Every structure is written in C-alpha cells, then in structure tokens.
Amino acid sequence: MDVSLLAREPDLRAKAEKAGQGHLFLWWPELGIAEKERLLRQVAHIDFDLLQELVRVLVLDRTKEPLMPLEPAPVVPLPADEKGRRDRQRARQEGEALLRAGKVAPLVAAGGQGTRLGFEGPKGAFPIGPVSKACLFRILAERILAVRRRYGAAVPWYVLTSPTNDRQTRRFFQEQGWFGLPKEDVVFFQQGALPAVDLAGKILLEDKAEVAMSPDGHGGTLPALWKSGVLDDMERRGIEEISYFQVDNVLVPPLDPVFAGCHRLGGAEMSSKVVRKAYPEEKVGVFCLREGKLAVVEYSDLSPEQMHATGPDGTLRYWAGNIAVHMIRVDFVRRLQAENLRLPFHRAEKKIRCIGADGKPVVPDKPNGVKFETFIFDALPLARRSVTLEVSRKEEFSPVKNARGVDSPESAQRDLMELHASWLEDAGVSVPRKPDGSLAFRIEISPLFALDREELKARLRSGFRVDRDLYLSGS
C-alpha cells in the first residue's frame, strides 16, 4: 500500500474539481486500495492546466480558423533525365558514407494497436508477409539488419512505443530474439499520453479506477526523445541523423542512402519524402507553402477547390502526398528542446470505449470523444532548411490501416508481392500472371536474401524459375 499516495487524495481531488473534472472520483467509495492507488497515480500525472486550455480551444470553441492561402511546396522530383539521375547517384554516395560511418539511425513510430485490423496486440506484431507470415516488425528488422551487414555499421534501432503497448512490444521483441539484432542495439522509449475527453470536455474513464488515456500523436516523438534520454544515447553513439518512419508502411526502407544524402547535401534540419497523390480525395496530407513556410496540410483541412485544383498541365496543383517519412538532424531536436519549442495540439474525434454515468460500459458506434494529438510534420516550419524528395509509391508506400479495402493487409501484401515480382522481372525471370494481370503465385523476398533489385540480380542463379509460391529467405 502506497500510504504517501493515498495521503494526497484530498489535494488531488481538489485539483480535479477545480478543473471541472471532479467526476473522476465519482466511484471512490466503491474502490479497493489497489484501485484507489491506480486512480490517484493517473490523476497525479494529469496536467490540468494544459488540459483545460486544450478543452477550451479544441473542444468547446468549435470555430474553425480560415485556411491561409497556399502555394505548392518545392519538391525534388523523381529523376526524368541524366542530370536527375546523376544528382541521385551523388546523393546515394553521400548517404552511403553516412551509413558506413554509423551516423544514421532508424526510428519507428510504433505506438499503435492492431484494433482496427481485428488484431489483439501491437500493430507492429501483425503478420503481413504474403508467404512468410512475417510481422511488420520482422520485415523492418531484416531490412535494418541487411543494411548493417552491407555497410558494416552497428546501427541501433529506436522503437517508439506508447503507454498502451510498451510492455507488450518489449515482451514481443524478447520472445522473437530481437529479430536477430543485438539486444543492446534495440532501444525502446515511450511517447506521452493525455486523457481523452467527451464532447463536453469531461475526462472519460475506462472503468471506475482507470482514466481513458490516449497517446499524444506521432509529434510526441520529439519531446519523448529528450525526456527519455534517448537523444543523449544517440549523441553518445555518434548518431547525427534520425530516419523516422511509421510501423504500418510495409514498403518503407528504414535506411535509405539516397534520402540521407539528399538531406545532408541540402544542409537540411528536417526533410521529408512524398509521393504523388493517387486521386484528389486521397486521405493523405499535402506539402504546401503557407506564409512562405513549408507545411503539411491535412486532407480534411483542404477546401474542395484546393483539393481539386490543377496546374497548367492539368495535373493536381497540390500533389505532394505526405507518407510520414522524415530525416531529422539530432541537433535540430536538441535545438527545439533548448528553445522550448512545442508542437501544436490537434483535435481528433474518436469512438472511445468508456463507462457511462451509470457505471456501465459504453461501446460507441460513432465518435463520442476527443483525443489530443501532435503531428511530427508540424516541426517542419521550425526547421531552418528542408528538402522534400519525391519517391515512387510502388516502391516505398503501402500502409496498413484498414481491415479491408484501401490501405488494408490485402492491398499491402499485393503491393509487396508486385514490388518483388518487378525485381525478378528486372533480373530476367519470367513471372507467371493470370489473364487479368495479377500474379499467378505469391512472391516474397526476405531483405536478408536481397535488400534491393540490384542485389537480387547478383544473387539469382541462371535459369531461375517461378512455378509455385515463392519465398526467398536469408539468414
């Protein structure tokens, strides 16, 4: 029993009541000692001043600020001529030098659960390999391990979790033997969390002794880096650049020498990858200039006119879709900390399981609450220089967000198989297809067998054929 914590109950109750959240103690008389301690521990960590401001601005005041005039962001396009190819080759050489020197480290944002996929557990543990059934974490780990071997560098992997899945994620990595990576080179740290509130600004409770907490968004990566001591760890290891990406993109290269090189040659503090939007209504943010500064505008904040605007050539004016892949200088994150720069919070209406005023569980069928999130791309206007690099959607972007349809496990597996089939075809291998053009067999290539199409060409033996489901594994 934590007597000191229980002794704080009157003070913590008074703080909650002053903030208009006294209902947190509604079931206090019914709680056992352990439940009381659990509730008090959570209440003690709530920043009520911040919460009151967020509720006032993002929940009670529903006035939507008019969107400022936008201009298309400058983007380094995919190479279309010899100069473009030479520039990318120069960037590759620069990036490879950084990788060999061990100056770039991957950071995966992996705080989400697989709930929307009908999966119990961290999203990164979701099995996605078309043939191998390898989970998202394993595919990423094998790509990182392949880069370590290629460039001879002890690259650490930083894994951002959330309070919701931190324990599960650590246990999963341990059970999987850290996917072949040295244990000391897999570094976990947690993003922060804030209470979720109802549409009137009242904190929701998961049960009578549990506040409904929500991770503070992928923008929480930046404060988590310095609060956790991970930034210190990076500096001790000589890491200068952070390769940031999200766990649900099955095609993402965790360590791309071309991107690292473009970023470094451009003298950038924070850089980004983009793909061309597939269609105007695609649910991705777009890179723009807002008041002369680089910014990402969420698709839901674009007016219909902006969303469908076209240029003189008939293509979308705002085409540069955000795929949540960034290169971030370590000293830029340190500067944000030193200058006490904070990212803005955003409102996200969600369906949140909770208990009602009668103490009974509520399973909503429509949004019933608000979560407060920060977005990592809101750091872009704070960077002194930035590079925005266009990449191929077919090679680098296929997220797993929905159980079915667009951006689902089915579409991600299809995209991964098509990418690997294209590698085989480039190597001169005939890949059987059905009359509709789809693959006749399931195809998957482990990064430990070939990290890219060039390596595959070098490894395949003469006369290689595809006549059944194929998994090229490595070790």
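What is the volume of the second largest pocket? About 1,000 Å³. Keep in mind that this is a predicted model.

Let's go to the lining. The second largest pocket is lined by 41 residues. Closest to its centre are Arg92, Asp256, Glu395, Glu396 and Asp452. By class, 22 of the lining residues are nonpolar, 14 are charged and five are polar.

Which elements supply that lining with at least two residues each? The helices are α5, α6 (136-151), α10, α13 (393-396), α14 (409-426) and α15 (453-459). The largest share comes from α6, with six residues.

Now two of those helices, α5 and α10. Helix α5 covers residues 82-100, and helix α10 covers residues 257-265. Their axes are 6 Å apart. The packing angle is about 95°. That falls between 65 and 115 degrees, so α5 and α10 count as roughly perpendicular to each other.

Who touches whom? On the α5 side we have Arg88, Arg90, Ala91, Arg92, Glu94, Gly95, Glu96, Leu98 and Leu99. On the α10 side, Pro257, Val258, Ala260, Gly261, Cys262, Arg264 and Leu265. The contact of α5 with α10 has eight nonpolar, two polar and six charged residues. Note Arg92: this residue of α5 meets α10, and Arg92 is also among the residues closest to the pocket centre.

Last, another helix pair. Helix α9 is residues 230-237, and helix α12 is residues 330-338. Their axes come within 11 Å and cross at roughly 140°. The crossing of α9 past α12 is left-handed. From α9, the contact uses Leu231, Asp232, Met234 and Glu235. From α12, it uses Val330, Val333 and Arg334. That contact has four nonpolar and three charged residues, and no polar ones.

How values were computed. Residues are numbered from 1 along each chain as its sequence is written. This is a predicted model: local features need pLDDT of at least 70, side-chain atom pairs count only at pLDDT 80 or more; totals for chains, interfaces and linings use all residues. Side-chain values use heavy atoms; hydrogens and water are left out. Axes are lines fitted to C-alpha atoms, for helices over the stretch in contact, and angles run from 0 to 180 degrees between N-to-C directions. Helices (H or I, at least four residues) and strands (E, at least two) are DSSP runs, numbered from the N terminus. Angles under 35 degrees count as roughly parallel, over 145 as roughly antiparallel, 65 to 115 as roughly perpendicular and the rest as oblique. Contact means heavy atoms within 4.5 Å. Ala, Val, Leu, Ile, Met, Phe, Trp, Tyr, Cys and Pro count as nonpolar, Asp, Glu, Lys and Arg as charged, and the others, Gly among them, as polar. On a 1 Å grid over the protein atoms alone, a cavity is a set of points where a 1.4 Å probe fits but cannot get out, and a pocket is an open set with protein on both sides within 12 Å along at least five of seven lines; lining residues have an atom within 4 Å of a point. Grid points are joined across faces, edges and corners, and a volume is the space filled by probe spheres set on the points. A crossing is left-handed if the near helix is turned anticlockwise from the far one by less than a right angle, and right-handed if clockwise.
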